[in-house]
Amino acid sequence: MKTIMVVDDETSILEQVKSCLEEDDFEVVTVDSNRKALELMDEDKEENFGLILIDTSMPDKKGPAFFSMKPKSNKDIDTNREEDFLQKPFTKEQLLKFVKSKI
């Protein structure tokens with residue numbers, strides 16, 4: 001199974017998401033900045049990241065969310081597709097369902 005990268009500047013969110021996903025046997029790498037995430041992706045020659053969750057805001061809505069994307073995807077990234085966002089706060093069940101639908 002490929003690794004999930006989670007990018008968020010809040011350490012508590014990173015810890016909660018990592019713990020939740022690892023309990024369900026996902027491999028998780030957490031980073032606290034977009035710069036660090038880009039560095040890891042540049043170093044990832046074997047394309048180990050199957051999914052990246054990035055802290056952001058949903059289009060046309062107030063409030064934080066995770067945006068999901070698959071690195072090295074051939075499709076254009078469309079940040080207006082609501083189904084690619086997971087509104088915060090979310091439950092453990094919502095997170096797992098969201099991640100499983102993206103992998």
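This is a predicted model: local features need pLDDT of at least 70, side-chain atom pairs count only at pLDDT 80 or more; totals for chains, interfaces and linings use all residues.

Quick bit of bookkeeping first: helices (H or I, at least four residues) and strands (E, at least two) are DSSP runs, numbered from the N terminus. With that, the protein has three helices and five strands. Starting at the N terminus, the order is β-α-β-α-β-β-β-α.

Residues are numbered from 1 along each chain as its sequence is written, and side-chain values use heavy atoms, with hydrogens and water left out.

Overall numbers, then. When I say buried, I mean under 20% relative accessible area; exposed is over 50%, and partly exposed is in between (1.4 Å probe, protein chains only). Of the 103 residues, 35% are buried. A contact is heavy atoms within 4.5 Å. If you take contacts between residues at least 6 apart in sequence, 52% of them join residues at least 24 apart.

Let's go to helix H3, residues 92–102. Which of its residues are buried? Leu95, Leu96, Phe98, Val99 and Lys102. They sit on the same side of H3, because they cover an arc of only 165° around the axis, the arc being that of the directions from the helix axis to the C-beta atoms.

Skipping neighbours within four places in sequence, Ser68 contacts Leu51, Ile52, Leu53, Asp84, Phe98 and Lys102.

Over to H1, where Leu14 is found. Leu14 is buried as well, with a relative accessible area of 7%. Leaving out residues up to four places away, Leu14 touches Val6, Val7, Asp8, Thr30, Val31 and Asp32. Leu14 and Val31 are 17 residues apart along the chain, and their C-alpha atoms are separated by 7.8 Å.

In the loop between H1 and strand E2 (28–31) there's Asp25. Asp25 isn't a glycine, yet has a positive phi of about 70°. Asp25 counts as exposed, at 64% relative accessibility.

Another backbone one: the Lys88 to Pro89 peptide bond is cis, with omega near -10°. Pro89 is in the loop between E5 and H3.

A pocket here, on a 1 Å grid over the protein atoms alone, is an open set of points where a 1.4 Å probe fits, with protein on both sides within 12 Å along at least five of seven lines; lining residues have an atom within 4 Å of a point. H1 gives the largest share of that lining, four residues. About 160 Å³ of space lies in this pocket, a volume being the space filled by probe spheres set on the points, with grid points joined across faces, edges and corners.

That's my tour. Over to you!
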